[in-house]
Amino acid sequence: MKPLQELTRPNIWALAPYSSARNEYAGREARVFLDANENPYNGPYNRYPDPLQLEVKTAVSKVKGVPVECIFLGNGSDEAIDLPYRCFCRPGVDNVVAIEPTYGMYKVCADINDVEYRPVLLDEQFQISADRLLAACDEHTKLIWLCSPNNPTGNNLLREEMVKVINGFEGIVIVDEAYSDFSSQQTLRSELGKYPNLIVLNTMSKAWGCAAIRMGMAFASKEIIDLFNKVKYPYNVNLLTQRQALEALKDPFEVDKWVRMLNLERGRMIEAFAMLPICQKVYPTEANFFLAKMDDAQKTYDYLVDLGIIVRNRSRIQLCKDCLRITIGTKSENSELIAALRQFE
């Protein structure tokens, strides 16, 4: 890995971050708050929230096994996806490399930040080649984007190939593990100490059932997290989100139960789909969804929409022609979908 200062945009490295009122007295007790121009009434919502979400990070640390100083919490994973561009990529100069197909926000954020996005096609088994990804890089490549289990394909990327990318790249490698709770593969989050150029993303939207509160996570070295904290908006995670996250994090065993049930339903759904005459193939998955190649994905999608059943048509994505992405729902929702497709002609 190149020195972090060399990878960081010069203006970001030199940036003096905004000093919020809550930061300036950090570590000391306070009773009277007359520093932030807040309304003294309507507590607790009249007060700005903790800008660094330390109570939530402490709870996350216990569940995820990552030190507090190596955790960033953001407004959904989208904030954690955007920040590496803002920290490391000079608009109109630098570029990033990513697998294709994968989650669309990596490219959207590249376009917003005026950063060249270089997709490298997966093979027919939706697997990566470290050599091909590294070959797509040049002296201006700052980031490589990986997602495992991948979206929309659902499969784990080969761990040895991901490690080869991390070890072989001088810039920052970002591995999005949003769906890792549903997977049997060991997370790279657990090996952060080995890889100073690694950022691992996670979220409370999937296994934790908290998509509405918008809380994403990034795990990385303290030095990278410090950069994120310099660039983020001062109060990026609101009080309501922090409170609900703390409530959810109290009971990780409930989440484990949900994951077991969803994985069982995933197996049942895959078997049922494989028997449908209109389904050509169901791809291997370790996420809470699967990708199915249909005879005519658009026709099937339109039929389901007319019945009020919504799935995702991924036909326009490379390697996914005539493919539907099916999220695993409750047993009754899944059965309703299968029953509808058995009647489709």
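What follows is a working chat about a predicted model, its helix packing and its cysteines.

Biologist: What do we need to know about the model before we start?
Modeller: It is predicted: local features need pLDDT of at least 70, side-chain atom pairs count only at pLDDT 80 or more, and totals for chains, interfaces and linings use all residues. Residues are numbered from 1 along each chain as its sequence is written, and side-chain values use heavy atoms, with hydrogens and water left out.

Biologist: How many residues of helix α5 are buried?
Modeller: Twelve of the 13 residues in α5 (residues 76-88) are buried, so the helix is largely enclosed by the rest of the structure. Buried means under 20% relative accessible area, exposed over 50%, and partly exposed in between, with a 1.4 Å probe and protein chains only. Helices are DSSP runs of H or I with at least four residues, numbered from the N terminus.

Biologist: Which residues of α5 are buried?
Modeller: Among them are Glu79, Asp82 and Arg86, as well as Ile81, Leu83 and Phe88.

Biologist: At what angle does α5 pack on α6?
Modeller: About 45°, with the axes of α5 and α6 (residues 105-112) 9 Å apart. Axes are lines fitted to C-alpha atoms, for helices over the stretch in contact, and angles run from 0 to 180 degrees between N-to-C directions. That makes α5 oblique to α6; under 35 degrees counts as roughly parallel, over 145 as roughly antiparallel, 65 to 115 as roughly perpendicular, and the rest as oblique.

Biologist: Which residues meet there?
Modeller: Asp78, Ile81, Asp82 and Tyr85 of α5 meet Met105, Tyr106, Cys109 and Ala110 of α6, contact being heavy atoms within 4.5 Å.

Biologist: Now α12 and α13. How are their axes placed?
Modeller: The axes of α12 (residues 297-306) and α13 (residues 331-342) come within 11 Å and cross at roughly 120°. The two helices are therefore oblique to each other.

Biologist: Which residues make that contact?
Modeller: Thr300, Tyr303 and Leu304 in α12 meet Leu337, Ala340 and Leu341 in α13.

Biologist: Is Cys87 buried or exposed?
Modeller: Cys87 counts as buried, at 0% relative accessibility.
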